[in-house]
Structure formats: C-alpha cells, structure tokens
Amino acid sequence: MTVFAIRRMLQALIVVFLMSVIVFFGVNVIGDPVYMLVSPDADQADIEAAIQRLGLDRPILEQYWLFLKGAAQGDLGNSFIFGEPALRLILHHMPATMELALTSLFLSILLGIPLGLYAGLYPESRVSKTIMASSILGFSLPTFWVGLMLIMIFAVQLGWLPSTGRGDTAVVLGIETSLATWDGLSHVFLPALNLALTNISLTIRLTRAGVREAMSQDYVKFARAKGLSIRRIIFVHVMKNILIPVVTVLGLEFGSLIAFSVVTESIFAWPGMGKLLIDAILQLDRPVVVAYLMIIVLFFVLINLVVDILYSILDPRVRLQDQGS
Amino acid sequence: MKHVTTAFAVAASVLALGAGAATAEKITIGLASEPTSIDPHFHNLGPNNALSVHIFDRLIAQDDKQRLSPGLAVSWKPIDDLTWEFKLREGVKFHDGTDFNADDVICTFERAPNVPNSPSGYGTYTKGKTLEKIDDYTVHFKTAEPYPLMGNDVSTIPIISDSVGCGGTTEEFNAGTAAVGTGPYKFVDYKPGESITLAINQDYWGEKPIWTEVEYRPIKSGPSRVAALLAGDVDMISGVPTTDIATLEANDDIQLSQGVSNRVIYLHLDQFRENSPFVKGPNGEDIKNPLLDQRVRKAISMAINRDAIVDRVMEGVAISAGQLLPDGFFGVSEKLQPVAYDPEGAKALMAEAGYPDGFQLTIHGPNDRYINDAKIAEAIGQMLTRVGIQTAVETMPRSVYFGRASSGSPEGLPEFSFILVGWGAGSGEASSPLKSLIHSYDKDAGFGSSNRGRHSDPVIDAKIEEALRTVDDDKRQALLAEATEMAIENVAIIPTHFQVNTWAAKKGLRYIPRTDEYTLVMGVVKE
C-alpha cells in the first residue's frame, strides 16, 4: 500500500506539472492585468512602471521559467492584487471552504442515504415517489437561484437564519473554524444546504438504485432463508454492497465541493477559496488563479487516493495496485 | 402578581437607561466592493481610499461634493510660484497617543509612492513635489513648475504616523499594529473577504461621528446584499442594483439615498486611423474612416436619445450628460447642455458629410464595469442603426476589455473604433478628464493617457496646459470651462450620462451621498 501511495503521488506531480503549463499559458493569453490594477489617474509612465514591476514586460517563456523556479522552492508567486504570496492567501481561505464542504458532505450522507434506502425498499409508496420527484428538483434547479430562495425564505421572510457571512469563529485544534460556535453553525447551515442539494439528490438516486438491485440478488434471498433479521440484511449486507458507488461518487463530488463552490460562496458572501478564485479570475490576478488550480489538482489526486483506500476496506476483493505497472 | 410585573418594568427601564448612558451605537454596512488592504498607501483604489478616510486623515479633506476643506492642515497657500506653504493643525493626537507634527507629513510623502508590491501606488500624486520641514507645524511643498492642483493632489494622501506607520509593512497594517492614524475611527479587526471592524476615536479633533462601532461586510453579489438588508443582518448597503430600486422604494422599512457621482459615461471614437478596423462601408467594403469627420461624430451624438437611456436602461437613476462633469464641479461649463435627440438632423448631417447610406460600425464596451454597461451599448447600437449607421454591439469582461481598448492592436494602439467607457474625476474638478481623455496622447508629458480615440487639437491642448499652470482659481476655472466647450464642440468624445449611485438603509437612517462614490459611516445620519 505504501508503494501504491508513493507511485500515486509521483503521478500526481506529473499531472501538476502539466497543469501548470496549461494554466500558466492559458491565463496569460487572456486580457491585460495592468489595466485592472492601475488607477485611472495613472499616466503612461506609471503604467509602464507597473508592467515592469509585475514582470509582464518579459517574454512569456522567461516568465514561466521564473515561475517554475519559484514553484520548486514552494513560492507560487505574489498575488497582483494583495501583494501577498498566492499560496498563503489560498491557505488562509481554506478553512472556511473546508468547513462548508464538510458540512455539505455530512448533510448529503445524513439525508441522502436514509431517504434513498427508504425509496429503494418501498419503491411503490407515495413517500418514495415524493422523495424521487424532489431529487429531480434538487438536480435541475440552478444553485444560484436556490441559494437566493433559501435566503429569501429563511433569512428575509422567516428570519430564522442569517443571510450571509461566516459568523463567529473559535479555535479548535489550532484551526479557526465557525463549526465550533452556535453563531457560526447558524451561518454555515444555509450555504452548506445549498451546496449539498445536488449531492443529496445524487446520493438518494444511487442508494435507491443500489438497494433495488441488491434486494433481488441471491445473497439477500439466501440470508432471508437463513432467517437473518431484515435489519441485519439491510444494514450489514446490502449496505456494504451499495456503498461502493456512493463512496466513489461522493469522493469525487467532495473535490468539486472544495474546488468549485464558487456560486454558493459568492451568493452567501462566504469568505472561502471559491470566492477568492472567482475574484482572482475577474480581476486577472494570474498568480492566484495558477496557484489555486495547481492546489486543486493535488487535492483531487489525494481524494482519489483516499477513495481507493476506502474501497479496499469496504470490499476486501479490491487490492491496491496499479494496473499494468 | 402585579408587583412582579412592576419589578420587571423597573428592571427593564434601568437596563434601558444603562444602555443609553453607554451610547453604544453599532452599525453594520454591506459593501459592494471590498478594500484590498488596510495599508492606506498600498492600492490607489476607490474602496481602499474610502476605508482609509475612517482611520487616516489627509492634510486636506474632501467633502461629499469633493470640495476641499482643512484636514490636518489648517491652511495652504502658494507663497511664491514654486512653493506652497502648509500650516498644520496643532494638538492633534494619533490613536496611540503620540502627537501629530511635520515629521509625520514628511515621512508619509516618502512612503506613499514606495510601498513594495503595491499594484497601483500614490506616486501619481506625490511626484514632482519636494517637502521641506520649516518648523513642527509648517511644511513647504516645492515644485519645479507652478502647480495649481497642489491641494487636490495632497487631499489624496492619507497621513500615517512617523513612529509606527512609516516603517510599517503592508502586513503590519493589515494586522493593525501599524494602522495608527488620526482619523475619527480606530482600527479594530480585519478579516479579508469577511469583515472590517472599526471603533470610534473618542479623542478625535474634528466632529465626532454618531456611530461608536462599525462593521463593514463585503457582499459582492447584488441580490444577496439586498437580501442581507431586508433580513436585517446589515443596516445599510452600497451599490443597490438598479433592478431592485423600484421594489425597495415601495418598501416602507427601507430608505434609499441617491446622489450623482463624478463618473461620466462617454463614447470615444477613432480619430487617428484612416482605416479604422471596425468601420466598414454600407456593404462591408473598406472605406476611409468617417469618424474623422466632425459632422459624422456630431450626427452620432445627435442620434443618441440620452433621455431614453436614462429612463429605460437606467430606470431613471442617471443624469443626461452634455460635458465631462455634472453641474457644481470646479471647471464645468455653464453653457453646455446635453445634445438634443434629433434623428432627422443626424441623417441630414450624415448626408452632408457624404454618407447618405450610412456605414457599418461596431461598438465595444465592458459588461461588468459600469452600471448597466452592456445594456447601454446595446441601446446605443439600436439608436445608431435607426439613423443608418448599422451598428454591431460587442461587450466583454473588463479584464479583457480595457487591455484591448487601450493597446490591443498589433502596434500597441487602441484596438477598437468606437467604445463605451466611463471616467470618474478623482480630483473632483475638470482638469482630470481634460488631461487624460481630451488632451493629445503624449507619453513623455503624461497627457492623454486614457485618450483611446486619440482626438488631438493643439488649441485645446494649449488651453488645458495653460489651465494646469494657472494658480488663480477663477482664471483656471474659466480656462477649464473653455477647454471643455471646445472639446464638446469638436465632438472629441460623446458624453451620454452621469452615473447616479444608490445606497439603501433601514428606516430611520439616511446616507449623505458622495460624488466620489465612497461609502463612509460618517455620512450615515439618523432621521
């Protein structure tokens, strides 16, 4: 397993390198950051000075070489806008996004699996049909619209929850998190629910399909014939089998939750990485965009690794090894 | 039972009294755009400058109409052609208790243009000025040439403290250790993307504001900002989306405040290329650039129905423009009115200029920079098409737009033929747009830096340069107005409207709108 993990990390490095090429050259053909930065009052000399200071007057290959040299030493460049190292800026915004993504994942599992299980066990009941119909809505309604509706209903009309922002934070195990305070939790609930809607629906559908398929299989019949309680059949035998696709999909979705919660973070003014990314893109803060995407690639590789390891725990037939290597 | 009730009532009134005595007045404001730093010299950007006004005073303050008034300087006047004498206010203390004096001014002007990693610094305002300390409360500003705009330039530089500020890094400012000013508010806390907290400076030398504690929250998404106000999470918001104004106006719990800004929205036309890339003949053939002809430019201006843009596109929240700044600003012309809508006259003028069949044109504009910018470009496109100029509309994000509009052609020249842009006069007087938009493009002298149409008229240039040398206010005002009239007569640019900004607050609060578009808690009053 250690060899497997090391090989995976090496592959990850190659992917990150390729990504850096694509992203670096990609963002460098779009727009001109100088005009996003300098004050309109600046005259031609000021503008030229700014171009030089940002190193934008150099040939693109030289810029890339300088970037690679810095990256090798853990320096992904300074944000054009904030003047701070891009990496530090991203790490600073990470806890906010992580707590949002984790809460959202938790909600997906907490709501998605039981509802899906019920819909799978009693497919003909009216409740199940309602669950399935709602899950279609969960898929198809656009996030920004649902987010605004959630704010309008729970914050504006009912006044139960705060509309935007992150709320009070407390330090737990050295990490500043809003999950540790009541005020923070009340702030995280709406954006997390908004972010989770698609995944709840996805989990419901996957679980239901899995349960329906498993229930008609021989091992279930056999277990029944053997006289096992229905509880044990469902929660031990059936669950184990249906969880594999659920874990895979949720694992991948978790990556997306962290990386691209842009819409939700913008609507709820959540100070996370997604908001940082969209602002960086809009203002052409190239170093932040590049650093962000490289970190995200690393993330996806790591999450996939964790998913693979979870597989082997859930299904002992799966061995951790690369095919054809 | 009755006794119990009375006891409660007494207890409640005691509590209320206690609260009243402490006069803790907290206000939370949702901001449409976020400052990028607490360091007042880091980034010359509207939101940053607005925030720094709270913590750091300037030598000269700008009021809500950007008129100059004494700040940390009690008086300033030229003592000869090349020297301005500033008398400083005595008895002013920084937030850390140290005294304010000339040393703070000297070191501030040294640091302001030299902040490491600054995306856009303050060198624009400090260059060409040499400071000399005469005594603790007198400073001389020397220039190589007569410099009438001294007061405007100086009013943009926030004064920091010699003891902790001048040696401070941007990080130390963001952490608060160096964020020590003389302003009405003290720095409390800064969480990027989340909140900025300030507390009142009880020892402030000027008029003390009514709010003791202030929290600014950046909420960039317009609908969310409005929702936060409706939900009562914030007491006031800036940048109300025009689409929400009607609904908020009808809401009894909300109070709107509106005011014209120093920002004019205008059109630049290619006046330097014989073959302009986005101008074609009526059948798509190459033709000599008709925009070089003043009659054609005039016809375009007459073809634009400014009132319709204000009414329909801007939902009434704008003012038709006939020049570079709205009424009331220094250097505006009293003669100029918005060009009247006259499609027939425009057609006649086109025919006179030799274009009875019109021509093809593309208007380029940003779609995320000014209020309703893309919609305005579309409206103008339709209006021009109606008088025979078949106009295509192309809008793009500002990150792409401004680079191409300024230097996007293969030769590094402006790429487009006909563009929609805006200009906010940061100095609050007419020399700012005249110098940057109307004066011929002159890289060495730093003129015409945003003259993307490259209009060039030596007579106007001379007039602007003369104004910039004239220290006498009345004479300068007249010169600026004359230069503006000549530019409009030439149709150097076509102004369409002045932007009006809208703030919304909960009932009982009102905002005194500012022409510089800043949101300052000092301007939030109770009714």
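Visitor: How do you know how far to trust chain B?

Guide: Chain B has a mean pLDDT of 90, and 96% of its residues reach 70 or more; pLDDT is the predictor's confidence in each residue, from 0 to 100. This is a predicted model, in which local features need pLDDT of at least 70, side-chain atom pairs count only at pLDDT 80 or more, and totals for chains, interfaces and linings use all residues. Residues are numbered from 1 along each chain as its sequence is written, while chains are lettered from A and ligands numbered from 1 in the order in which they are written.

Visitor: In chain B, where is confidence lowest, and where is it highest?

Guide: Helix H1 (residues 2-22) of chain B has the lowest confidence, at a mean of 44, and strand E11 (residues 236-237) of chain B the highest, at 96. Helices (H or I, at least four residues) and strands (E, at least two) are DSSP runs, numbered from the N terminus. Over residues 1-22 of chain B, pLDDT stays under 50, and the model has one contact beyond four places in sequence for them. A contact requires two C-beta atoms, placed from the backbone, within 7 Å.

Visitor: And what are the predictor's scores for the complex?

Guide: The complex receives an ipTM of 0.82 and a pTM of 0.85.

Visitor: Why is Ala379(B) called buried?

Guide: A residue is buried if 20 or more other C-beta atoms, placed from the backbone, lie within 10 Å of its own, exposed if 12 or fewer, and partly exposed in between. Ala379(B) has 20 other C-beta atoms within 10 Å, so Ala379(B) is buried. The residue sits in helix H12 (residues 373-386) of chain B. Leaving out residues up to four places away in sequence, Ala379(B) touches Ile309(B) and Val313(B).

Visitor: How does the radius of gyration of chain B agree with a compact globule?

Guide: The radius is taken over C-alpha atoms, and the globule rule is 2.2 Å times the number of residues to the power 0.38. For 527 residues the rule gives a value near 24 Å; chain B has 26 Å, which agrees. Of those 527 residues, 53% count as buried.

Visitor: What makes up the secondary structure of chain B?

Guide: Chain B has 16 helices and 20 strands. Among its contacts between residues at least 6 apart in sequence, 67% join residues at least 24 apart.
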